[in-house]
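Here is a short report on one protein model.

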Amino acid sequence: MRKPRHVSRAVLAAVAAAVLGAAGCDAVGGASPAPSGTEARGARPSPKPTPVWDRSPASVAAVGDSITTGFDACAVLSDCPEVSWATGSRASVDSLAVRLLGRTKAADRSWNLAVTGARMEDVPAQMARAVTHRPELVTVMAGANDACRRSVDSMTPVAEFRASFEEALRTLRRSLPKSQVYVASVPNLMRLWEQGRTSPMGLQVWKLGICPSMLGDAESLTAGAKQRRSTVQDRVEAYNTVLKDVCAKDRRCRFDGGAVHDFRFGQAQLSQWDFFHPSVDGQARLAEIAYRTVTN
């Protein structure tokens with residue numbers, strides 16, 4: 001809300017304009033010539049400043065983990081970058097790069113540097129590789145593997161997660177101070193457990209060791225199991241707070257506001273092979289969220 005004195009000035013300006021308008025050309029002298037030279041230039045409106053955030057970047061690079069590589073979306077135990085939410089070419093996904101650049105340009109002006117199994121500590125090195133392409137937009141999706149460890153004690157400490165993310169942004173900024181960054185929140189692993197535990201196939205696959213900190217002993221409802229899952233979920237939320245806070249300090253960084261974490265996905269959005277990674281449909285939903293964040 002503006003201060004009262006600002007409102008008063010606005011009112012006075014409006015009154016003055018009304019008086020001058022009613023007086024017509026006599027207000028400046030009926031025979032007075034139109035202003036010219038310096039006066040005319042001074043009367044022209046100032047050009048609008050260029051917005052800091054560009055909604056139509058001309059190139060995209062993606063860093064992160066197996067979600068961005070499209071792992072287990074097309075075939076078991078395989079990357080499938082063509083369905084990546086960030087840079088994929090498949091029409092059924094309509095990736096962020098395709099939406100921003102068009103299919104033809106996306107093929108030449110987008111790069112997927114994500115690596116299956118990566119944690120946030122791996123992102124600075126990926127960012128260094130992304131810099132070599134000089135992208136106008138870099139997407140970051142990492143953190144699920146930091147929480148999905150063999151035990152809650154093995155999860156990446158929040159301070160280390162923060163330090164790695166900060167280093168990734170510093171790596172980008174040293175070479176590309178004007179490149180933009182889209183940061184996706186870490187998915188909701190508790191919802192993942194809630195959705196997969198009702199699937200006999202999901203329960204069997206999870207026993208192979210997928211995200212044991214959250215999905216291990218998935219049928220157990222003991223107090224200990226509930227506490228373990230709650231601890232993992234708390235860590236995911238702490239990671240998302242880090243992503244939000246660090247991104248907010250960079251004027252060319254946009255966090256998704258928790259949209260990926262809050263997305264109410266169902267089994268149709270999960271891989272039929274592991275009930276953990278996004279399916280092709282899940283990848284398309286992630287692309288929608290990213291495009292909405294980048295272009296709004």
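## Disulfides

C74 is partly exposed, with a relative accessible area of 28%. (Buried means under 20% relative accessible area, exposed over 50%, partly exposed in between, with a 1.4 Å probe and protein chains only.) Its partner is C80, joined to C74 by a disulfide. C80 is buried, at 2%.

This is a predicted model: local features need pLDDT of at least 70, side-chain atom pairs count only at pLDDT 80 or more, and totals for chains, interfaces and linings use all residues. Residues are numbered from 1 along each chain as its sequence is written, and side-chain values use heavy atoms, with hydrogens and water left out.

The structure holds three disulfides, each a pair of cysteine sulfur atoms within 2.5 Å.

| Disulfide | S to S distance | Torsion about S-S |
|---|---|---|
| C74 and C80 | 1.9 Å | -70° |
| C148 and C211 | 2.0 Å | about -75° |
| C247 and C253 | 2.0 Å | about -115° |

In sequence order, the bonded cysteines pair 1-2, 3-4, 5-6. C148 is buried at 11%, and C211 is buried at 6%. C247 is buried at 1%. C253 is buried at 10%.

## T198

T198 sits in the loop between α9 and α10 (200–206); helices are DSSP runs (H or I, at least four residues), numbered from the N terminus. T198 counts as exposed, at 54% relative accessibility. The backbone oxygen of Q195 lies 3.0 Å from a polar atom of the T198 side chain.

Terms used:
Helices (H or I, at least four residues) and strands (E, at least two) are DSSP runs, numbered from the N terminus. A polar contact is a pair of N or O atoms within 3.5 Å; within protein, one must be able to donate a hydrogen and the other to accept it, and residues adjacent in sequence count only if both atoms are side-chain atoms.
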